[in-house]
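This report describes one protein model for a reader who has not seen it before. Please view the sequence and structure below before reading on.

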Amino acid sequence: MASIIASLPPPLFAAHGRNNTFCRALPKLPVSPIRERQNRASVVVKATGESSESSNSLSIVKSVQNVWDNSEDRPGLVGLGFAAIVAFWASSNLITAIDKLPLIPSVLEFVGILYSSWFIYRYLLFKPDREEFFQIVNKSISDILGQ
């Protein structure tokens, strides 16, 4: 559950002491008991429910916990995690070294722009291609997680 507390200044178009038809048409908002100043209204908004993003991340965490709990070779998993960290460190150093060479970064940037343009055209521009891409991604995720 998320909540937002806002302290709003009075509307500029509303004249104090006059009867304004626009303000009468607005619905009554719940006002919290917080009093900062007399000329400000405090509004509390609460949202309930789960978003698909949070439930998706929870399912990934649960899948990783299941793999860890069902694993017989935990030192192997720790070694694999360590190897992934070392590979990430080495690749970032390699990219830094390549970036220092003249002309290579510009060529790689151009190749990246071309590949990104092709990828957008191939998978993201049209709806049937997007659906195919989502199926490929979901299949890959289920293959990786062993589902």
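## Annotated transmembrane regions

According to an unreviewed UniProt entry, the annotation "transmembrane region" covers residues 77–98 and 104–125. UniProt positions follow the numbering used here, feature names are shortened, and annotations may be inferred rather than shown by experiment. The model is predicted: local features need pLDDT of at least 70, side-chain atom pairs count only at pLDDT 80 or more, and totals for chains, interfaces and linings use all residues. Residues are numbered from 1 along each chain as its sequence is written, and side-chain values use heavy atoms, with hydrogens and water left out.

Residues 77–98 are 100% helix and 0% strand, and their end C-alpha atoms lie 31 Å apart. For residues 104–125 the figures are 95% helix and 0% strand, with 30 Å between the end C-alpha atoms. Helices (H or I, at least four residues) and strands (E, at least two) are DSSP runs, numbered from the N terminus.

## Overall organisation

The protein chain contains 5 helices and 2 strands, and its pattern along the sequence is β-α-β-α-α-α-α. Of its 147 residues, 5% are buried; buried means under 20% relative accessible area, exposed means over 50%, and partly exposed lies in between (1.4 Å probe, protein chains only).

The accessible surface of the protein chain is about 13,000 Å², and carbon and sulfur atoms account for 64% of it. Such areas come from the Shrake-Rupley method with a 1.4 Å probe; for residues, only the protein chains shown count as cover. Among contacts with a separation of 6 or more, 46% are between residues 24 or more positions apart, where contact means heavy atoms within 4.5 Å.

Ile120 belongs to helix H4 (residues 104–124). Its relative accessibility is 44%, so Ile120 counts as partly exposed.

## Salt bridges

The structure has 3 salt bridges, each defined as a side-chain nitrogen of Lys or Arg within 4 Å of a carboxyl oxygen of Asp or Glu. Arg122, Asp129 and Glu132 are joined in a network of these bridges. Arg122 pairs with Asp129 at 3.8 Å, N to O, and with Glu132, where the closest N and O atoms are 3.2 Å apart. The latter pair links distant parts of the chain, with Arg122 in helix H4 and Glu132 in helix H5 (residues 127–145), 10 residues apart. Arg122 is partly exposed at 27% relative accessible area, and Glu132 is partly exposed at 28%.

Lys139 forms a salt bridge with Asp143, with 3.1 Å between the closest N and O atoms. Both Lys139 and Asp143 lie in helix H5, 4 residues or about one turn of the helix apart. Lys139 is exposed, its relative accessible area being 54%.

## Helix H5 and its end

Helix H5 has 19 residues and spans 27 Å from its first C-alpha to its last, close to the expected 27 Å. The expected span is 1.5 Å times one less than the number of residues in the helix. Just after H5, Gly146 adopts a positive phi of about 75°.
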